[in-house]
Every structure is written in C-alpha cells, then in structure tokens.
Amino acid sequence: MAEPAKIVIVGAGPAGVRAAQTLVAAGLRPVVLDENPRWGGQIYRQPPAHAGFSRSPKALYGFEAAKAEAIHRTMAELLPRVDYRPETLVWACDPKQLHTMHGGRETPVSFTHLIIASGATDRVLPVPGWTLPGVYTLGGAQVALKAQGCAIGERVVFAGTGPLLYLVAYQYAKAGANVVAVLDTNTFVRQVMAAPRLLNQPATLAKGLYYVGALRARGVRVEHGVTLDGIEGGGQGGESAGVQAIHWRRDGRRHTLACSAIGLGFGLRPETQLADLAGCRFVFDTLNQCWLPERDAAGRSSQSGIYLAGDGAGIVGADAAELAGRRAALAVLEDIGITTPATAMATDGPDALTLERKLASIRRFREGIEQAFALPRDPSADWPDDMLVCRCEEIDARTLRDCVRHDGVTEINRLKALTRVGMGRCQGRMCGEAACHLLAEASGQTLAQVGRLRAQAPVKPIPIAPMLFDENVAAIPEEARDE
C-alpha cells in the first residue's frame, strides 16, 4: 500500500501561500514552515502583532497594498486547514526529512513531497567600507522600515542597482525619512534601451517610473552611471562611529556625499541552499548570473518529490511567485494522482498551461530588468587588497588573490578550502558571490567556469546547545562537549 502523501512547503511568501491554497482546495493539509513570525515573506512582510505599531497596508506596501492584503487574507483563511509553523528555521535537508529549529529546539519534519519556496536575499558586492556600522543591505533596510517602523539613519543614501534600489528609496521617502540620494551604477541610456522588453509588463514598468519621478519630486538626488569608490567612517569613535560619507565618481569626476547610513544592493540572489542539500542538480543561468537548480516548467526538480517555486528558483518577482506556487502545487497533485482541472477551478486559479504561459511572459520581462540593471562589469577589479571580502572569517581580497597567484586555484570550493572564505556564520550567503567574482577576475575565467559554492548545513546560524542534548540528534561525546 502506497505511503500517504505528506506535503511540506518551506516559505510563506507569495509562492508558499498560493501553493498551500491550491493543495488545501484539493482536500490536503500541507505543513507550512515559515522562518518569520507572520506570513507574507519579505515583499509582503507584516509588521509585528504587538500593540503600538500601527501602519496601514497602503503606507507599508504602496501600490502593492491590495496584493499584500490578498496574500495575508488568504493565509489567514487557510490557517485552520494547514499545519502552519511560524518562527521555524529550516537549516538542513536529508532525504525525505528536514531539520528545523523552533523555540531553541531542533525538530525533524518528514515529507514525501517538498515544495521549496525559500525566496531570495540581497546580492552583496562589497565596496571599501561596507563593513562599517550603518551600512545595510537593501533588504535589511526594508525590514527595519516594515517590521520595526524605523529608518536606518538620519541621512540615508541608497546605492547599487536593481529595481529594489528605487522601491526601498521610495518607501523610505514616502515614510518621511531623509533620503539624500540614489546612486545607480547603471546608466540611464542602458535602462532606456531595455524599455522594449520592459513594455511586456506595462503596469510594472509604470510603477518603476513613478518611483523615480516621486523621488525626484521630493528633492532626492538620483544619479546614474556611477562607480562606487568607498564608504567613509570616522568621528570621535573612529571607524566604530559608523558611516560619515560615501565617495563615488562619474565621467572622471569624483563626488562625496555626507550621510549617516547606506542601503547597498545589486539586485537579488535566489536562496538555493536547501535545494542543494536536497541533492538537486544545478545549471548556470545566464539571466540570473548564478547557478540555479534545474526544474521543468511545472517546478519539478531533478529529485523526485522536490519542487521549486518563486524567487528561490530564480528571481521572478512577487506576481510570478504566486503563479509558480500554484503551478508547483498542481504538479504535486498530478504526481500523487489527484485530477488537476477540478482543483484549479476550486481555487479560482488558472490551469497549468495558462500558468506556464504567464510565467514565460514574465521571464521575458525579467530579461529586460537584467538588461536595465546589469551587474557592474568585473566588479572586483577595483577592490583594494586590504578590503574584507568575507567578514565572518575576516578574509581580505589580497588573501584570495594570493591563493590564485601562488596556488593556481581556479575553482571556488578549492578557494574555500584553502582560505576559509564562505565558512563563517553566513555560510557564504553574503560573501560567496563576491568571492566568485574575484576568483573569476583573478584567474581569467567566467563566473560559470569557477563553479558554485556548495551548500553546507546549517544554511543559517543556529544555536549549538540544543544539539548537545536533543534526543533527535546523535549524541556528542562528553569529552567533545568540554572542548
């Protein structure tokens, strides 16, 4: 007799919520694991539930307020029919079993079918001074505003490139923060040239243009085609006093802007660690400029019973994440023998072919986004030798370059083994891409040729104490505990 299906969804953002909705409509009760205290993901992150924090959805999400409320409402209605586990970190994946941490306790979660909707994180490319107090990723700056109701500083500069650069700057300005400038490393001409592809999603393009116009109308300085030279700290406390200014240049002219905080980001990077630990096969994706798990149009990975949806499988945006979550859930239903047309009708959602057609259309729009907001060419070429690349292990650019020059390293995991880059608390989530760029530049290879940084558990920091005494974890010898 076949084993009953136990379906687990990792993530409760747009993809995870729509996947859960589709499965519930088919009469199933999935487990939904959410690292956050409340559903919505990063894009539709909810403010804390405690009293004293009150901002309207319109204030929090702007044009996306209706979509955010729809996701929040849908999940609230699903709660009696799903096994929802908030504040639960999935830190490892074995065959048919996840390892989770909740309330300081490690708990295994078994599955027969797994939908990974793990979302994305900021793509970090360092600049001199990026480790100073007051330098945040764009996502971190957004969390501070949405979840904590505060700005990251009194005079804020947003720098880097990508749609999120303008969205976060607009959200800050609209909330009343003092946004000094937006510094985009891509030229305005490049963004205009991408317009034909961006017109594939005219409403989304219009919102982006509105954000830029609204920033300029509020007196925010918007500069294109800049090169970021570094971030200056100092004051009475030295470097520990935090950000004082940002230095940049354009057309050979150098500029300095006084500021107290910087939001830095170069687009988004998919969170693929769980797919890696699950044994999924990867391929280099030229559009996203990174290694992604292979999947078919329905979201099936190379591993039977593992499905991928949303930005965790390739940056697609919130709208596409909803579609991909539905499509992955329909694939699960197909694979366990539940007829899909009825379930599609029950959830008032499009059928599988329509979902795939819409997702293909959005990918064409994403090609325009990547053209308009491309990564800087050879970003590591100007990094000084004494600049930290891996802040966890305090590894600078000189150490990595010397390893290439003297040891002939050409592959990223070999560089990791010899230098410890990517072995710290972030497990390469922050420094991994920077290390790959530097290795590619120093060895004269492409990003695809240097390979990918293989994931290791735990994918995010976890406390060690529960592991010492948890009955679900293999016992650690007493002598090892004393070391």
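Helix α10, which spans residues 318–335, and helix α12, which spans residues 352–372, pack at an angle of about 145°, and their axes are 10 Å apart. The model in which this packing is seen is a predicted one. In the crossing, which is left-handed, α10 passes α12. On the α10 side the contact is made by Ala320, Leu323, Ala324, Arg326, Arg327, Leu330 and Glu334, while α12 contributes Ala352, Leu355, Glu356, Lys358, Leu359 and Ile362. Sorted by class, the residues of this contact comprise 8 nonpolar and 5 charged ones, with no polar residue.

The protein is divided into domain 1, made of residues 7–121 together with 269–369, domain 2, made of residues 125–265, and domain 3, made of residues 377–470. The centres of domain 1 and domain 2, taken over C-alpha atoms, are separated by 29 Å, and the contact between these two domains takes 22 residues from domain 1 and 21 residues from domain 2.

Two hairpins come next. Strand β5, residues 97–102, pairs with strand β6, residues 105–110, in the antiparallel sense over 6 bridges, and within this pairing Leu98 stands opposite Val109 of β6. The hairpin of β5 and β6 has 2 residues between the strands, and here Gly103 takes a positive phi near 60°. The hairpin formed by β18 and β19 has 4 residues between its strands, and Gln289 in the turn has a positive phi of about 55°.

A parallel sheet is the next feature to follow. Its 5 strands form an open sheet in the order β9-β16-β10-β11-β12, with parallel pairing, and its edge strands, each of which pairs on one side only, are β9 (135–137) and β12 (221–223). On average, and with direction ignored, neighbouring strands of this sheet are turned by 15° against each other. Within the sheet, strand β10, residues 156–161, is joined by 6 bridges to strand β16, residues 261–266, and the two run parallel; Ala159 stands opposite Leu264 in β16. Helix α5, residues 163–174, lies across β10, β11 (179–184) and β12, and runs at about 175° to β11.

Between β13 and strand β14, which covers residues 243–250, the antiparallel pairing extends over 6 bridges, and Thr227 has Arg249 in β14 as its bridge partner.

The last stop is a stretch marked in a database record.

How values were computed. Residues numbered from 1 in each chain as written. Predicted model: local features only at pLDDT ≥ 70, side-chain atom pairs only at ≥ 80, totals over all residues. Heavy atoms only, no water. Axes fitted to C-alpha atoms, helices over the stretch in contact; angles between N-to-C directions. Left-handed = near helix turned anticlockwise from the far one by under 90°. Contact = heavy atoms within 4.5 Å. Nonpolar A, V, L, I, M, F, W, Y, C, P; charged D, E, K, R; others polar. Pairing = 2+ DSSP bridges. Domains from an automatic or database assignment.
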